[in-house]
Amino acid sequence: MKLIITSSIKKVEFEPVKGIFDLDIIKTAAKKSLQGLGDTIKSSTKILGTCLKKVYLTSSSGSGRVIFLLKLNSGKSVLVMIRLKNDKKVGANMTVRNPNFTKILDKNLDIILDDLQKGKYEELDL
């Protein structure tokens, strides 16, 4: 099993919350998502052979949500978004019914596809 973090997503999503959710917490959540845990969510962007999973995070510093793009049948999970539960725009409402969430999700998926195509990512063992 692998966790893929693209350089843009690392900068925009992971860096701001790494003091609350360290890499080990993200890896554990990615592993759970690959094992089928978490909520499958919809996206306006359809990527063949993938699905999106939302996993709840907890640490001694707070709670949050993380979204992974799972490459089906490959054992790879791509970090898409991390938000604190009390995030004003999307934290407690990570669904396609929330226009703020949908906008950020679509933007992040575009960024991820671009970074993957350019080879700008790191692949971590879980």
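## Starting at Gly 75

Let's begin with one residue and what it touches. If you skip its neighbours within four places in sequence, Gly 75 is in contact with Met 1, Lys 2 and Leu 34; contact here means heavy atoms within 4.5 Å. Gly 75 sits in the loop between S4 and S5. These labels are for strands (E, at least two residues), which, like helices (H or I, at least four residues), are DSSP runs numbered from the N terminus.

Is Gly 75 buried, exposed or partly exposed? Its relative accessibility is 26%, so Gly 75 counts as partly exposed. The cut-offs are under 20% relative accessible area for buried and over 50% for exposed, with partly exposed in between (1.4 Å probe, protein chains only). Gly 75 and Lys 118 are 43 residues apart in sequence, and their C-alpha atoms are 21 Å apart in space.

## What you are looking at

This is a predicted model, in which local features need pLDDT of at least 70 and side-chain atom pairs count only at pLDDT 80 or more, while totals for chains, interfaces and linings use all residues. Residues are numbered from 1 along each chain as its sequence is written, and side-chain values use heavy atoms, with hydrogens and water left out.

## The chain as a whole

The protein chain has three helices and six strands. Reading from the N terminus, their order is β-α-α-β-β-β-β-α-β. The radius of gyration of the chain is 13 Å, close to the 14 Å that the globule rule gives for 126 residues, so the chain is as compact as a globular protein of that length. That radius is taken over C-alpha atoms, and the rule is 2.2 Å times the number of residues to the power 0.38. Along its principal axes, the C-alpha trace spans about 30 × 30 × 25 Å.

How much of the chain counts as buried? The figure is 39% of the 126 residues. The accessible surface comes to about 6,900 Å², and 50% of it belongs to carbon and sulfur atoms; such areas come from the Shrake-Rupley method with a 1.4 Å probe, and for residues only the protein chains shown count as cover. Take the contacts between residues at least 6 apart in sequence: 57% of them join residues at least 24 apart.

Strand S3 (residues 50–59) pairs with S4 in the antiparallel sense over ten bridges. The two form a hairpin with two residues between them, and Leu 57 stands opposite Gly 64 in S4. Strand S4 itself (residues 62–71) is mostly covered, with seven of its ten residues buried.

On we go to strand S5 (residues 76–84), which runs antiparallel to S4, with eight bridges joining them. Here Phe 68 stands opposite Leu 79 in S5. The hairpin of S4 and S5 has four residues between the strands, and in it Asn 73 takes a positive phi near 65°.

In which sense do S1 and S5 pair, parallel or antiparallel? They pair in the parallel sense, over three bridges, and the bridge partner of Lys 2 in S5 is Lys 76. S1 also pairs with strand S6 (residues 121–125), this time in the antiparallel sense over five bridges. In that pairing, Leu 3 stands opposite Leu 124 in S6.

Look for Val 78 in strand S5. Val 78 has a relative accessible area of 0%, so it is buried. Setting aside neighbours within four places in sequence, Val 78 is in contact with Ile 4, Ile 67, Phe 68, Leu 69, Lys 71 and Ile 112. Val 78 and Phe 21 are 57 residues apart in sequence and 16 Å apart in space, C-alpha to C-alpha.

Then there is Glu 122, whose place is in strand S6. Glu 122 has a relative accessible area of 29%, which means it is partly exposed. Val 17 is 105 residues from Glu 122 along the chain, and 18 Å separates their C-alpha atoms.

Conventions:
Two strands pair if DSSP finds at least two bridges between them.
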